Amino acid sequence: MEDTSGQSKDVQSSPTPEEGPANFIHVQLEEYEPADFSTKDLILKKAREVCTCSRQTIITFLCRLFPVLDWLPRYNIKTQLFGDVVSGLLVGVVAIPQSISYSLLASQDPIYGIYTSFFCNIIYVAMATSRHNFVGPFGVLCLMIGQSVDRHLRLAGYGDSSAGSSLGGNSTSVSNGTDLCDRSCYAITVALSLSFLVGLYQILLGILQLGFVAVYLSEPLLSGFVAGSSLTIITSQMKYLLGLNIPRHEGVGSFILMWVDLFRYIQGTNVCDLVTSLVALAIIMPVKEINDRYKEKMKAPFPIELLVVIVATVISYYFNFEERYGSAVCGDIPTGFSKPTLPDINLFSSLAVDALPIAVIGFAMTVSLAEIFGKKHGYTVCANQEMIAIGMCNLVPSFFYCFASSAALTKTLLKESTGTQTQVSGLVTSLVLLLVLLWIAPLFYSLQTSILGVVTIVNLRGGLRKFRDTPRMWQLSKLDAVVWWTTMLSSTLLTTEIGLLVGVCFALLCVIFRTQRPRATLLGKVSNTEIYEDQSAYKQLSSIANIKIFRFESSLYYANKDYFKTVLYQKTGVNPVLLAAKHQMMGAQANADTSNSKSFFGTRFDCLKPAKKRTEKPPSDASPPSIDMHTLILDCGAMQFIDTVGLSVLKEIHRDYKEIGVQVLLANCNPSIRHQLREGGWAGRTDSGGQLAFHSVHDAVRFAEQWYRVQQGSKEKKDALLDPEDLDFQVSL
């Protein structure tokens with residue numbers, strides 16, 4: 001027979017019961033010959049492709065590296081420009097206060113957050129495959145950057161920043177003719193070096209096509225990490241809301257230590273900062289909830305954050321909150337751009353470890369958001385190109401006083417909800433930020449840091465809302481819920497970096513646990529069909545007489561080999577090793593009884609020399625235990641692979657069951673497993689992985705039933721040919 005795919009089917013009749021019953025048609029598929037693989041030829045082929053230089057090759061390379069060259073010539077001004085302009089303006093308005101507030105979280109001056117949003121958007125427009133992502137300061141990354149910066153500030157001998165001091169300026173002090181950075185200058189120096197390393201890591205991951213690394217950061221893990229980081233961020237901003245001058249703790253237990261200090265120094269709360277914070281929260285929170293609830297009916301969300309920032313700045317300026325009440329303000333924010341600078345190479349060795357989790361979280365958030373909105377709006381996203389794009393957004397801006405960034409969730413959602421069509425909206429956002437950098441920035445001199453803390457906390461509502469999803473997650477998957485809580489608690493109570501590492505390790509352990517102790521069931525047949533399902537999950541399934549069908553819902557490898565055998569013996573109720581041992585003991589006992597009988601007859605009746613003697617029946621309690629099956633079928637449909645240890649286990653099972661008269665068949669093996677069985681000779685000489693490995697459970701059942709009938713027929717014929725007189729010998733005296 002020949003099928004439509006071009007593969008031929010060989011129909012064979014097996015002549016002997018050992019190979020199969022004569023009337024059973026065993027289907028074997030002829031496999032394609034494996035392609036010749038030469039490492040040398042492959043390397044030479046790739047080298048020729050890389051070294052080939054032509055006009056088309058250069059154009060293809062540039063379009064792949066800069067996707068804007070592909071989509072911008074096809075840009076439709078009439079249908080796309082309006083949505084991009086409106087979305088870009090609204091996102092730019094929202095990005096102003098958030099960029100300033102996240103600078104505070106990263107232990108930087110406000111101007112650097114605006115720099116970061118400005119430069120990153122321009123680069124991302126040119127290199128991104130996503131149409132909706134907004135790249136800029138992200139709360140979780142800013143927290144991690146701030147922790148690293150504060151640690152290096154302490155190592156360099158700088159004291160903790162005062163909550164009441166001005167945050168602006170990038171001044172230097174001159175000592176003995178040498179320019180020395182002040183605290184603000186050294187903080188941005190550390191952040192620039194960190195951003196350079198983060199971008200370098202991400203570009204290398206993209207070039208090496210290692211985008212699959214992001215799959216190890218599962219959704220429950222990322223969700224728990226964001227929730228735990230949100231709690232830490234809120235805690236770090238509480239001192240600004242209360243106007244307290246307390247140090248910023250780092251390391252394990254910093255979350256608890258910060259709350260201890262908050263209650264210890266709460267009597268020093270600045271009443272002015274507390275009142276303005278409560279008023280700002282009372283205004284922003286309800287409006288943000290209204291924006292979320294009616295976002296489908298509203299053309300654009302109301303920019304309440306920018307309005308509160310403007311009003312608070314005006315009130316603080318006219319009532320002179322800084323001098324009259326001692327409130328902390330942003331201070332002098334310079335206009336224009338600073339001269340490009342090189343990252344400090346001397347800091348690379350101490351920042352190399354800090355940059356790794358920031359790089360992983362940054363590209364994971366960017367790629368996940370890009371894929372979410374790409375699927376929603378029907379366009380493809382290249383994960384490796386996204387990694388290169390976000391890497392360039394961190395590498396190049398590190399020369400222009402920018403800290404590490406990634407796709408920001410809240411502003412990306414805002415872009416998508418306000419009708420953005422392409423990344424042209426990112427250019428519009430950059431123009432809005434350019435206006436701030438050139439003219440508007442100094443007007444925020446009197447803006448209280450407590451207002452920035454409120455803006456940061458309000459934008460973490462999404463992370464806190466994830467707590468509401470945990471009951472539903474527990475119902476769907478208890479292991480995923482445990483991963484979420486483990487990551488959240490470790491990120492909160494330990495540190496963000498350790499929490500991420502703990503979450504990844506625990507998630508991998510859960511995967512190993514699932515494969516090490518998977519579900520194992522016995523299958524039954526659905527009446528009048530060829531369907532076999534789990535007997536413990538479905539009703540009205542019929543068992544096959546004297547045939548057990550065992551399904552192991554995982555790959556078989558060294559870690560679960562013992563569990564495989566244990567659960568197999570438990571489900572089938574037959575342990576071939578113990579049964580073989582009992583048969584051996586009873587055979588030895590029977591031989592001993594026979595020898596005793598021979599000795600008795602030899603001494604008393606030496607004259608009798610019979611040709612055959614009848615062996616005495618063993619006692620009833622010494623009879624071998626009965627086995628209620630003649631065939632064991634292993635359903636391998638859920639096995640993706642087996643290693644050498646798993647192959648040895650299958651050989652061992654086949655040998656052990658054969659010793660007690662039970663044949664073992666395999667079903668639903670994928671081609672790679674069939675090849676491994678054939679090469680390893682799992683069934684010995686009787687089969688090389690072909691006739692005892694079937695393409696379906698039903699074929700294996702039919703083979704087993706007909707094989708048993710042939711065996712029974714052969715046994716009856718042998719019994720009929722035996723002479724009854726040879727079987728019964730009586731001694732007569």
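Trainee: Leaving aside its neighbours within four places in sequence, which residues is L143 in contact with?

Mentor: In this predicted model, L143 is in contact with L105, S229, T232, I233, R248 and T496, once its neighbours within four places in sequence are left aside. L143 itself has its place in helix α6, residues 139-155.

Trainee: Is L143 buried or exposed?

Mentor: L143 has a relative accessible area of 1%, so it is buried.

Trainee: Which residues in α10 and α11 meet?

Mentor: On the α10 side they are A280, I283, I284, V287 and K288, and they meet I304, E305 and V308 in α11. By class, this contact has 6 nonpolar and 2 charged residues, with no polar ones.

Trainee: How is a pair of aromatic rings described?

Mentor: It is described by the distance of the centres and the angle of the planes. Rings pair if their centres lie within 6.5 Å, and by this rule the count comes to 23 aromatic pairs. One of them is the stacked pair of F119 and F400, at 5.0 Å centre to centre with 25 degrees between the planes.

Trainee: What does the pair of F119 and F400 tie together?

Mentor: F119 lies in helix α5 (residues 110-127) and F400 in the loop between α14 and β6, so the pair ties together parts that are 281 residues apart in sequence. F119 counts as buried at 17% relative accessibility, whereas F400, at 28%, counts as partly exposed.

Trainee: What of the rings of F321 and Y325?

Mentor: Their centres are 5.6 Å apart and their planes stand at 65 degrees, so this pair is edge-to-face. F321 and Y325 are 4 residues apart in helix α12, which means that about one helical turn separates them. F321 is buried, with a relative accessible area of 10%, while Y325, with 42%, is partly exposed.

Trainee: Which residues do ring pairs link into a cluster?

Mentor: The cluster consists of Y112, Y115, F118, F119, F337, F400 and Y401.

Note on methods. Residues are numbered from 1 along each chain as its sequence is written. This is a predicted model: local features need pLDDT of at least 70, side-chain atom pairs count only at pLDDT 80 or more; totals for chains, interfaces and linings use all residues. Side-chain values use heavy atoms; hydrogens and water are left out. Contact means heavy atoms within 4.5 Å. Helices (H or I, at least four residues) and strands (E, at least two) are DSSP runs, numbered from the N terminus. Ala, Val, Leu, Ile, Met, Phe, Trp, Tyr, Cys and Pro count as nonpolar, Asp, Glu, Lys and Arg as charged, and the others, Gly among them, as polar. Rings of Phe, Tyr and Trp (its six-membered ring) pair if their centres lie within 6.5 Å; planes under 30 degrees apart count as stacked, over 60 as edge-to-face and the rest as tilted. Buried means under 20% relative accessible area, exposed over 50%, partly exposed in between (1.4 Å probe, protein chains only).
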